[in-house]
Amino acid sequence: MDPPSTSKFSPDPKTPSPKLLAASYRRPSSSRTIYGDRFIPSRSSSNFALFNLPNSSSNASSDDSNSAYTNLLKSALFGPECVSGFQPLTPEKSSSGGRFSCRSSGSDSVFQTSPPNCNIFKYKTVTRKSLHSLSPFGFDDQLPGVSHSPVKAPRKVPRSPYKVLDAPALQDDFYLNLVDWSSHNVLAVGLGNCVYLWHASSSKVVKLCDLGSDDSVCSVGWAQRNTHLAVGTSNGKVQLWDASRCKRIRTMEGHRLRVGALAWSSSTLSSGSRDKSILQRDIRAQEDYVSKLSGHKSEVCGLKWSYDNRELASGGNDNRLFVWNQHSTQPVLKYCEHTAAVKAIAWSPHLHGLLASGGGTADRCIRFWNTTTNTRLSCMDTGSQVCNLVWSKNVNELVSTHGYSQNQIIVWRYPSMSKLATLTGHTYRVLYLAISPDGQTIVTGAGDETLRFWNVFPSPKSQNTESEIGASSLGRTQIR
């Protein structure tokens, strides 16, 4: 196209003419710039040689230019190996400061160049170069409104407990539940025929009760919102204590054999026994229990109410996992896939109806269920006896503790079930597990007569915030 004329035209304002007006569009003045409705970017400052593209002012044909761009596009999308005879440029430093290596399939050459002006694909001058700036699909930190944060590194979980408590006479019995952590930050532990309270904020230890030489503690369970503690005994009784006053409120009967599992739902206390039954107790009522749930063919060793208090999950030594509603006396859902005793049970606080369960030595699997749709979701073989499960309320993760043969503690990310950490230290099966009220710390107990405290979960606001019972109480002490 011919360049526009530079001749000057000054029409008489008193005698406007349509022909003259038309001529003014064809013959613009050289003293002012005429703007059209098309935007044609200037390529004068672009370094085409950097991308192996011919300059528009060269004699190369447009087909060659298109071919070079096509090769560059293929290389960026699918890798250099997908482009025959062409490899994209890589800024490799040679011994000289301003040298870059330019490779092709047939020869190697090095050329001297200044830092490139890579504005071929954008109308903004780049002042900082990176490996990504050589690709049209690279990152430009200086583009307005666009930020590219680095890939977040996996969260680090401390591999050692920050506190260890000696717990003499802590039983090595898979079917018992002897540790629980209250919403008031008090840990209850059953040791032999006694129950001890450890106040996490002050590390103070209080002896709550002594059942006598003819009885022993088989389970403990805190009420959700108050200071009431239920204690299941080997004689088949359930004692209710007010821990704030260290006073027993009442004793409830109904079971013929030991009570190894307890679970609270508001004012309802559920107890599971070796006599295969589950008793529902309303602590406000005068009766010892208001209903009896039958279904298990062996000892009930796991009990958990869902977070909305509508469903009760129970596990037994008959390898069965049952789900009950608030009013049923027969299970509404039955899961029979486990091949060993089901003690480990945990409801997700993040997804309604998501239930996790773990099997014993012959099973070793963690299974996930959707009780809303009665769906079997997934299964993970852990390689060891699954003793306990607990979900984090702050992030979508859970912890499992294990017995034979590795005695480990595993932090899992759900739903991928990738391992965040594997913690070791116990020399016996990790039979007991509880989580702190802030959701950051877990305590584990084993037949090696120790309780170990681990910081495994982040706080709701920051993954770097320590638990309020954290490093200030480092060391090893005795719980009684």
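Which residues are linked in a network of salt bridges? D173, R258, R274 and E299 form that network, a salt bridge being a side-chain nitrogen of Lys or Arg within 4 Å of a carboxyl oxygen of Asp or Glu. The model is predicted: local features need pLDDT of at least 70, side-chain atom pairs count only at pLDDT 80 or more, and totals for chains, interfaces and linings use all residues. Residues are numbered from 1 along each chain as its sequence is written, and side-chain values use heavy atoms, without hydrogens and water.

**Confidence**
- The protein has a mean pLDDT (the predictor's confidence in each residue, from 0 to 100) of 80, and 67% of its residues reach 70 or more.

**Salt bridges**
- The whole structure contains 12 salt bridges.
- R258 and D173 meet at 3.1 Å, N to O; R258 lies in the loop between β11 and β12 and D173 in the loop between β3 and β4, so the pair ties together parts 85 residues apart in sequence.
- R258 is buried (under 20% relative accessible area; exposed is over 50%, partly exposed in between; 1.4 Å probe, protein chains only) at 11%, and D173 is buried at 18%.
- R274 pairs with E299, their closest N and O atoms being 3.4 Å apart.
- R274 is partly exposed at 39%, whereas E299 is buried at 5%.
- E397 and R155 form a salt bridge with closest N and O atoms 2.2 Å apart, and these residues are separated by 242 residues.
- Relative accessibility is 6% for E397, which is buried, and 13% for R155, also buried.

Terms used:
Helix = DSSP H or I, 4+ residues; strand = E, 2+ residues; numbered from the N terminus.
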